[in-house]
Amino acid sequence: MRTVLPDVSRLPADPALISLIYHHEHPVVPYDFEETREVWTVHARIDADTLAADAEANGDAAEEFQDLLVGRMSFVRVRMFGPDHPWHAMDDYTGDLCHIGEAVLDVDSGEWATAFEEALAHPVGDLLVMDRVVLEPAWRGFGLGPVLAGAAIRRLSQGCVAVACQPAPADGRKLSKAQRREAEAKLAATWSRIGFTLFRSDIHILDCHLQRPLDLLAERQSDLKALSRAWRTHPQP
C-alpha cells in the first residue's frame with residue numbers, strides 16, 4: 001500500500017537534517033533519588049550551520065540562518081538495582097510517573113508486578129519512561145513524533161526491560177473530557193507505530209527485548225527519508 005505523504009510545502013526545512021541532542025545532569029555526590037532516577041532531556045533541532053552547509057551544497061544563495069527547534073522530549077530511567085526503592089523514586093518525581101509505577105511495580109516490594117513480568121519477554125533490567133514528547137507547531141502533522149521518539153529510545157533504553165508511557169496531551173492545551181479521550185486514543189495509535197502496546201488501563205509499554213520495535217523504527221526512518229525526498233523535490237519559495 002502506497003503511503004500518502006502530507007503537504008510538504010508546510011515543512012520549515014528538510015526533516016532529514018534533524019539531530020537529537022541529549023542532556024543529563026547529576027551531582028557528583030548523589031542526593032535524594034539521584035542514584036535511582038535518571039532524567040534525560042532530548043531536544044530535536046536543526047542547527048544554523050547545518051542549514052547553511054545544506055544550502056551551500058545545493059547551490060542556494062547565501063543567507064542568515066538560525067537554529068530551528070523541532071521539539072523536545074523527556075525520559076526517566078528508573079534503575080531497579082539502585083540503592084532506593086524504585087517506586088518511591090517515581091512517586092517523588094511527578095504524579096504521572098507515580099501512576100506508571102503503580103501499574104508496573106509491586107509498590108510494597110519494589111519488584112516488578114506479576115502482570116508486568118508476564119507481559120515481557122525477559123523481565124530483568126531497568127525501566128525507561130517516555131515522559132513527554134512535544135513538537136513545535138510548525139513540525140506537527142508529518143509523522144515525526146514516532147521516528148524522533150523511537151530514535152531516542154534506541155539510544156536510551158540499553159539495559160532496560162521496557163519503555164512505559166501514558167499517552168496524553170503534553171502541550172498544555174485546555175481540553176474537554178471528550179477531546180482529551182480523542183487525543184489520548186490518537187496518541188496511543190501514534191506510539192503503536194514504534195511498538196507500544198496497551199498494558200493496563202491507560203499505560204502502554206514497549207518490550208525492549210523484541211525485534212518488532214527495531215523493525216518499526218526502521219519503517220519510520222524510511223517514512224522520514226520519503227518525506228525528505230518529497231520536500232527536496234517540491235518547488236521551494
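Leaving aside its neighbours within four places in sequence, which residues is F75 in contact with? I shall return to that question after an overview of the chain.

Good morning. What we have here is a predicted model, in which local features need pLDDT of at least 70 and side-chain atom pairs count only at pLDDT 80 or more, while totals for chains, interfaces and linings use all residues. Residues are numbered from 1 along each chain as its sequence is written, and side-chain values use heavy atoms, with hydrogens and water left out.

Let us begin with the overall fold. There are seven helices and seven strands in the chain; helices (H or I, at least four residues) and strands (E, at least two) are DSSP runs, numbered from the N terminus. Their order from the N terminus is β-β-α-β-α-α-α-β-α-β-α-β-β-α. The radius of gyration, taken over C-alpha atoms, is 19 Å, close to the 18 Å that the globule rule gives for 237 residues, so the chain is as compact as a globular protein of that length. That rule is 2.2 Å times the number of residues to the power 0.38.

Next, the interior. Of the 237 residues, 41% count as buried, where buried means under 20% relative accessible area with a 1.4 Å probe, protein chains only. In soluble globular proteins, nonpolar side chains tend to be buried together. A nonpolar core is a set of buried Ala, Val, Leu, Ile, Met, Phe, Trp, Tyr and Cys residues joined through side-chain atoms within 4.5 Å. The largest one here has 36 residues, and F75, M130, L144, L148 and F196 touch the most other members. At least two residues each come from β2 (37–46), β3 (68–78), β4 (126–135), α5 (144–156), β5 (160–165) and α7 (212–233). Helix α5 gives the largest share, seven residues.

With neighbours within four places in sequence left aside, F75 is in contact (heavy atoms within 4.5 Å) with E38, V39, W40, V42, L128, V129, M130, D131, A149, A152, I153 and L156.

A second, separate core has 23 residues, among them M90, L105, F116 and I205.

Finally, consider P86, in helix α2 (residues 86–91). Is P86 buried or exposed? Its relative accessibility is 5%, so P86 counts as buried. Not counting residues up to four places away in sequence, P86 touches T36, V78, M80, L105 and G110. One of these, L105, also belongs to the second core.

Thank you for your attention.

Key:
Buried < 20%, exposed > 50% of the residue type's maximum accessible area, 1.4 Å probe, protein only.
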